[in-house]
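Here are my notes on this one, as promised. Have a look at it first, then read on.

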Amino acid sequence: MRFDAERVRKDFPILGQTVHGKPLVFLDSAASAQKPQCVIDAISRFYAHDYANIHRGVYELSVRATAAVEQAREKIARFIGAAVNEIVFVRNATEAINLVAASFGREHVGEGDEVLITHMEHHANIVPWQRLCQEKRAVLRVAPIDDRGQLLLDAFEEMITTRTKIAAVTHVSNALGTINPVEEITRIAHARGVPVLLDGAQAVPHGRVDVHALDCDFYAFSGHKLFGPSGIGVLYAKAARLEAMPPYMSGGEMILSVTFENTIYKEPPYKFEAGTPDLAGAVGLGAAIDYLRAQDLDAVAAHERELLAYASDALAEIPDLRLIGTAEHKAAVLSFVLDGVHPHDIGTILDREGICVRTGHHCAQPVMQRFGIPATARASLALYNTRDDIDALVAGLHRVREVFV
Ligand code: PLP
């Protein structure tokens with residue numbers, strides 16, 4: 001059955017408004033996605049009916065709140081093909097990666113060891129590793145990409161040495177849209193005994209992810225890009241990895257018993273969830289996953305692929321416009337530069353037309369350096385976008401050219 005984006009749009013109340021007197025055209029879902037009404041309702045219902053702190057309470061409300069948060073964990077586990085005890089609630093993908101760098105990384109990376117990343121990583125998958133390497137006098141190695149923004153897989157493989165302690169690779173690049181062959185990457189790294197962290201922040205909202213099938217050791221993502229609330233994210237880690245890792249943050253909730261001499265920690269995932277988490281955020285993320293599961297995810301993916309092709313062809317017709325990131329396997333992200341116009345000016349003029357695109361380095365400055373540019377304008381699509389949105393973007397870009405070129 002054909003995917004009905006117009007029907008889906010009605011589920012997202014924010015999309016119905018006008019901005020500067022023009023219908024809102026939201027093309028910035030890679031930065032953060034909009035929320036369907038059912039997510040907003042689930043959060044509101046939780047606060048209105050079931051809210052209390054979890055795990056500690058013996059009273060009805062606390063029991064209900066605990067059940068709601070734990071059900072959300074189960075939904076997430078099922079959604080990505082994990083076991084429930086492999087799902088750690090964190091604030092966002094950034095925190096998930098920091099957790100792995102600080103816990104697994106500090107244990108395993110020593111002087112002269114190596115951490116392997118790629119040239120297309122988001123800062124969230126660079127800086128934690130860089131800091132770890134600085135602290136441990138280890139070496140951060142960076143696998144190269146080609147002019148289309150594709151990982152050079154042979155080079156990646158050659159860069160794995162006996163000193164490589166972890167490979168940390170994005171599943172989908174936020175700045176270029178490149179979809180990495182993560183199954184193959186994991187297989188290559190594992191064949192050399194190297195564990196793999198995948199940054200799934202841009203992947204989970206757009207297709208099926210099965211972490212057990214991928215066989216990655218760690219998988220990180222944020223709720224807010226998955227049509228859920230901000231402030232909640234997920235670290236998936238293989239159960240055996242979590243068992244072996246020391247806590248990241250410590251304090252309440254993650255302990256079985258405490259004396260001044262010693263503390264006994266809870267089992268994972270709770271060992272990694274010190275303090276009160278974003279309870280309503282977890283519930284909202286669970287509702288977002290319910291929403292997505294009610295869609296035909298293959299039809300969503302096909303819809304986004306079709307829109308990407310339509311948008312790529314349309315942008316190719318605009319004089320002086322250059323797409324940055326033209327990988328063969330690409331998610332619905334269109335990063336571009338327009339000769340003679342600063343990306344911020346593109347963004348500002350499009351905003352006057354009601355069109356939201358992101359401009360800047362997209363937290364991926366090394367990608368910009370690789371392509372010799374300071375910034376791009378980026379349109380990123382989700383299930384609620386339509387050809388009308390792309391037509392509006394193209395008309396807006398002609399307007400930009402009228403003003404500047
Ligand atoms: N990784 C990628 C590929 C991203 O696109 C982003 C956000 O844009 C992040 C990590 C960080 O996500 P967050 O800011 O939600 O932690």
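This is a predicted model: local features need pLDDT of at least 70, side-chain atom pairs count only at pLDDT 80 or more; totals for chains, interfaces and linings use all residues.

1. Residues are numbered from 1 along each chain as its sequence is written, and side-chain values use heavy atoms, with hydrogens and water left out.

2. A search of the whole structure turns up nine aromatic pairs (ring centres of Phe, Tyr or Trp, the latter by its six-membered ring, within 6.5 Å; planes under 30 degrees apart are stacked, over 60 edge-to-face, the rest tilted). One of them is Phe12 with Tyr291, edge-to-face at 5.7 Å centre to centre and 85° between the planes. Phe12 sits in the loop between α1 (5-9) and β1 (18-19) and Tyr291 in helix α10 (residues 279-293), so the pair ties together parts 279 residues apart in sequence (helices are DSSP runs of H or I, at least four residues, and strands runs of E, at least two, numbered from the N terminus).

3. Phe12 counts as buried at 1% relative accessibility, and so does Tyr291 at 8% (buried is under 20% relative accessible area, exposed over 50%, partly exposed in between, with a 1.4 Å probe and protein chains only). Phe12, Phe227, Tyr291 and Tyr384 form one aromatic cluster.

4. Now helix α14 (residues 387-404): its buried residues include Ile390, Leu393 and Val400. Seen down the axis of α14, the buried residues fall within an arc of 165°, so they line one face (the arc is taken from the directions from the helix axis to the C-beta atoms). Exposed Asp388 and Glu402 are on the face turned away from the buried side of α14.
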